[in-house]
Number of protein chains: 2
Amino acid sequence: MRYALKFGYHGKNFFGYARQPNLRTVEGDIIDSLKKTMIIEDEKSANFQSASRTDKGVSACGNVLAIDTDFRKDEILGALNAHLEDIWFYGISQVGNDFNPRHANQRWYRYYLLDSGFDVKKIQDAAKIFVGSHNFSNFSKMEEGKEPKRTIDSIDISKENEFIILDFRAQSFLWNMVRRIVKAISDSAEGRLSSDDILIALAGEQKVDLGIASPESLILMDVHYDFEFEIEIKNLSDLKKNLEDNLHKIRTENVFYTQMLRSIEG
Amino acid sequence: MRYALKFGYHGKNFFGYARQPNLRTVEGDIIDSLKKTMIIEDEKSANFQSASRTDKGVSACGNVLAIDTDFRKDEILGALNAHLEDIWFYGISQVGNDFNPRHANQRWYRYYLLDSGFDVKKIQDAAKIFVGSHNFSNFSKMEEGKEPKRTIDSIDISKENEFIILDFRAQSFLWNMVRRIVKAISDSAEGRLSSDDILIALAGEQKVDLGIASPESLILMDVHYDFEFEIEIKNLSDLKKNLEDNLHKIRTENVFYTQMLRSIEG
């Protein structure tokens, strides 16, 4: 049987997604666990494939991978979660034997931009330039022979506390593409870049490097296919407890740094 | 000249305050920096003394230490901060040659209790039992020969987002005392402990162990003396930037875990 599995992880804890010798990576940890649990024997025979190999520092709430296995479907997620730290598996779906998670209908990335007093209208205007089909070679670390044309379905802008949220939706993105667009959008909103500068870079006729935004604020929110994932309830309460504990620790750090700032301000 | 210095640190980054060989401690890092900057030659001749040796995991926004030095007063904090990570010096005051920071007028500790649906009235009722002068031997890890009587001036209860805040004020506290009282208060509010149980433990006539709350949620907010500290403005903008960067990182983690919980909830 072939299954698609949905999972999340926090980028801070890994040296990126793709396996690297002697470094902790998301893919490395997952494959180790798949083998330890005997869910797969090795990634080749299981036809292990991932939807998105996120950059170092980038997090995911909804990345997807696919494997072939004879393991009991209702025990896969529980077995994996029992062996993993900082990676949370929560959705599963049986798929066709030729299913490759790279071929998604749509990917959704969210960027949390620290709001240093941005004019949201200017962010929206700059974002609009990127929507639609363009040559994004200047907005990616291009791999040789890779088609630079991509179609961004939408970029939605919203505000939440001290963040401006940019939601990017497209069937596929090039390497570093979201972070390079975010950098151009924020520089444009702050007046360091004109829309003409962006248009010239988007034309792709000359090489332009407009910089890149930091990876820590980027989350792969979801990857969409023709099917829905079943959310596995059996181990969900343990997962929730684990995530809530993390959240509690972080919020305690949050109040500390807020207090510390108040203290030095006297 | 003898100076009192005010500083903060996040407990997560250290194996406690008190120096230990081969472990990163607050005191160890501070003394190393005091020596490297030539502010002091060694802690003995400088009569290095600290107000509070907080437990492993406990943070401080306003701990205090004192040293003798001939260093220029207006350069001490800047020199120290340039050499330190995760410790922030921000206040200074010249003091008498016999000043010992342990002898404070009042210490203020704050505990951030995760609000799991507490009845605040019950928290307040339990807290009241501890205010005033009591034998706290059952609410501390007693050091031999140490006087177990202490006087708690006040315990103020307030709410902030998902936390119930407990503010403890007293001239001095015993080792672990705040965390042991917090544990008894929260157990009492949740009905696992009666006020009689607490009164018996407070009488101190028999040994009772009512447990201890986790250190990560405890902050030494301030230590008060007869004098005020001068807030050093020169390096304040760098300090602020550093703290704000930390805060931004934490808030980005916060939004990730919040999103991740939303994702698994479907």
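How many residues does the contact take from chain B and from chain A? It takes 44 residues from chain B and 44 residues from chain A. This is a predicted model.

The size of an interface is often given as the accessible area lost when the parts come together. Here chain B and chain A bury about 4400 Å² between them. Carbon and sulfur atoms account for 70% of that area. On the chain B side, F256(B), Y257(B) and I264(B) lose the most area to chain A. Together these residues make up 17% of what that side buries.

Now look at the helices. Two packed helices are described by the angle between their axes and the distance between the axes. Helix 6 of chain A spans residues 236–264, and helix 6 of chain B also spans residues 236–264. Their axes come within 9 Å and cross at roughly 160 degrees. Angles over 145 degrees count as roughly antiparallel, and helix 6 of chain A and helix 6 of chain B are therefore roughly antiparallel to each other. The crossing is left-handed. Residues in this helix contact divide into 18 nonpolar, 6 polar and 8 charged.

Next, turn to chain A by itself. Chain A is divided into domain 1 (2–103 + 226–253) and domain 2 (106–218). Their centres, taken over C-alpha atoms, are separated by 28 Å. The contact between them takes 10 residues from domain 1 of chain A and 8 residues from domain 2 of chain A. These two domains bury about 650 Å² between them. Of that area, 33% is on carbon and sulfur atoms.

Methods:
Residues are numbered from 1 along each chain as its sequence is written. Chains are lettered from A and ligands numbered from 1 in the order in which they are written. This is a predicted model: local features need pLDDT of at least 70, side-chain atom pairs count only at pLDDT 80 or more; totals for chains, interfaces and linings use all residues. Side-chain values use heavy atoms; hydrogens and water are left out. Axes are lines fitted to C-alpha atoms, for helices over the stretch in contact, and angles run from 0 to 180 degrees between N-to-C directions. Helices (H or I, at least four residues) and strands (E, at least two) are DSSP runs, numbered from the N terminus. Angles under 35 degrees count as roughly parallel, over 145 as roughly antiparallel, 65 to 115 as roughly perpendicular and the rest as oblique. A crossing is left-handed if the near helix is turned anticlockwise from the far one by less than a right angle, and right-handed if clockwise. Ala, Val, Leu, Ile, Met, Phe, Trp, Tyr, Cys and Pro count as nonpolar, Asp, Glu, Lys and Arg as charged, and the others, Gly among them, as polar. Domain bounds come from an automatic or database domain assignment. Contact means heavy atoms within 4.5 Å. Buried area is the accessible area (1.4 Å probe) that two parts lose on being put together, summed over both.
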